[in-house]
Amino acid sequence: MSLYFTATNNRQKNPEAKIHFSDGESPTDLSVSRNWMEHVEHQETHGGPGAYDVLRCDMIQKTSSPSATLRVWGKDYHLDRLEKSYKELVKHLLPSKGENNSDKNLVQDNAVKAAHKESDAIMNSILEKMLEHEEYHIKEVAAHDQKAVCDIIRVTILWTPSSDHIIVRGHASSSGQILAPNKTPKYIVATVALPKTDSSRQSAIIDELPNRHISPHAKISSWSSSRRSLEKKETFMPDGIGEVLLLKKDINSNKMIVLEGLTSNFFAIYHDGSIRTAADGVLLGYVRHLILECANKCGLRVDERPIDLEDGTKGLWAETFITSSSRLIYPINKILIPDYGAQIGNESSEALNWKTYWELDEHIDTKDHIWYHLFSEILQRGGY
């Protein structure tokens, strides 16, 4: 059984967080934030597509402290990005017809200001309720382990347009794992979303895959649904895969470039001491922002050029990793690409065959990898 917490803005009084239990018997586990957003969009009154953002909150219990504390990562950054996402959503959902929109813009500006305050109130309400419910358990673990421990909470704030205001909803759930705050992340394997096609149609077919090309800098709830076709075992996420990398053909070089993961930013550290991550056509994540701030301190030069996919086979990548608000950094030790040649003679099989496209040199100790130093810098910024 898993539990989650929700709250919705009430224009007459402060929001009150509610606790829910998911027993596993329902076909949809609403403790998972994407499932909850899909439920809101399709089944709740005043639903429909919305703009959202996800924040990481650490519930920390030190053995030397009588009570647990909460640390929210990058709240202002996330709420500012949420506002931009919402305005982008409204622009496409309710496009201007050429009339004078000064009154409409004033209403929207006032609604956005109110939504910022309501988002703060909802987060506070949810986190207070979570702290009240979870503190006893985290204290037990801390006392047993005799060290500081952390429960990672994933907080989702969803803004849905209404006639004259913004419906603000919040959702939070625990990772279910109470760990040391500075626990080294495990390596993951990633795949590349490269469809089967002839070379003349490759760019067009890739553009036909689910993508965020229209509003790449905005987090829109419908992406949670549209990306599901890329996460199936028979497409690009077989068992054991931690992320799927999205591609696009660069109009200048005519080469295939790596954009981002389904829910993450992608980084490549090159042997020449540079670090690259896509700047155009991607969501500008909070931890991406931190990485670029820390790069110079870790001896890296930020290269703003796109990441060419073929650089992986040319031996130019030294390390690769993904970043996201809830996960911070996940290093990649292997990238797989579909092996369509192996399908010949077995076209009836639904499952793809895979081959290694790039692999990390694992003879180097983890703590000597640059991604580890970046991870340590980010933890230090978080107060660890």
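User: What makes a residue or an atom pair count here?
Analyst: In this predicted model, local features need pLDDT of at least 70 and side-chain atom pairs count only at pLDDT 80 or more, while totals for chains, interfaces and linings use all residues. Residues are numbered from 1 along each chain as its sequence is written, and side-chain values use heavy atoms, with hydrogens and water left out.

User: Why is Leu-283 called buried?
Analyst: Buried means under 20% relative accessible area, exposed over 50%, and partly exposed in between (1.4 Å probe, protein chains only). Leu-283 has 12% relative accessibility, so Leu-283 counts as buried. Its place is in the loop between β11 and α6. Across the protein chain, buried residues make up 49% of the 384 residues.

User: What does Leu-283 touch beyond its sequence neighbours?
Analyst: Contact means heavy atoms within 4.5 Å. Not counting residues up to four places away in sequence, Leu-283 touches Arg-81, Arg-212, Pro-216, His-217, Ala-218, Lys-219, Glu-260, Asn-265 and Arg-288. Leu-283 and Glu-260 are 23 residues apart in sequence, and 8.1 Å apart from C-alpha to C-alpha.

User: How do you know what counts as a helix or a strand?
Analyst: Both are DSSP runs, numbered from the N terminus: helices are H or I with at least four residues, strands are E with at least two. The protein chain has seven helices and 16 strands.

User: What makes α1 mostly covered?
Analyst: Eight of the 11 residues in α1 (residues 33-43) are buried. They are Ser-33, Arg-34, Asn-35, Trp-36, Met-37, Glu-38, Val-40 and Glu-41. The cover includes β1, β3, β5, β6 and α5 (223-226).

User: Which elements do the buried residues of α7 pack against?
Analyst: They pack against β10 (265-270), β11 (274-276), α6 (286-294), β14 (317-324) and β15 (328-338). Trp-371, Tyr-372 and Phe-375 are among the buried residues of α7. In the loop between α6 and β12 (301-302) lies Cys-298. Leaving out residues up to four places away in sequence, Cys-298 touches Ile-370, His-373, Leu-374 and Glu-377.

User: What makes a set of residues a nonpolar core?
Analyst: The members are buried Ala, Val, Leu, Ile, Met, Phe, Trp, Tyr and Cys residues joined through side-chain atoms within 4.5 Å. The largest such core has 37 residues, and Ile-126, Ile-153, Val-155, Ile-157, Trp-159 and Ile-166 touch the most other members. Helix α3 gives the most, with 12 residues.

User: Why is a space called a cavity?
Analyst: On a 1 Å grid over the protein atoms alone, a cavity is a set of points where a 1.4 Å probe fits but cannot get out; lining residues have an atom within 4 Å of a point. Grid points are joined across faces, edges and corners, and volume is the space filled by probe spheres set on the points. The structure holds one cavity of 30 Å³ or more. The largest cavity has about 100 Å³ of space. Of its 12 lining residues, Pro-210, Asn-211, His-213, Leu-246 and Leu-247 are the closest to its centre.

How values were computed
On a 1 Å grid over the protein atoms alone, a cavity is a set of points where a 1.4 Å probe fits but cannot get out, and a pocket is an open set with protein on both sides within 12 Å along at least five of seven lines; lining residues have an atom within 4 Å of a point.
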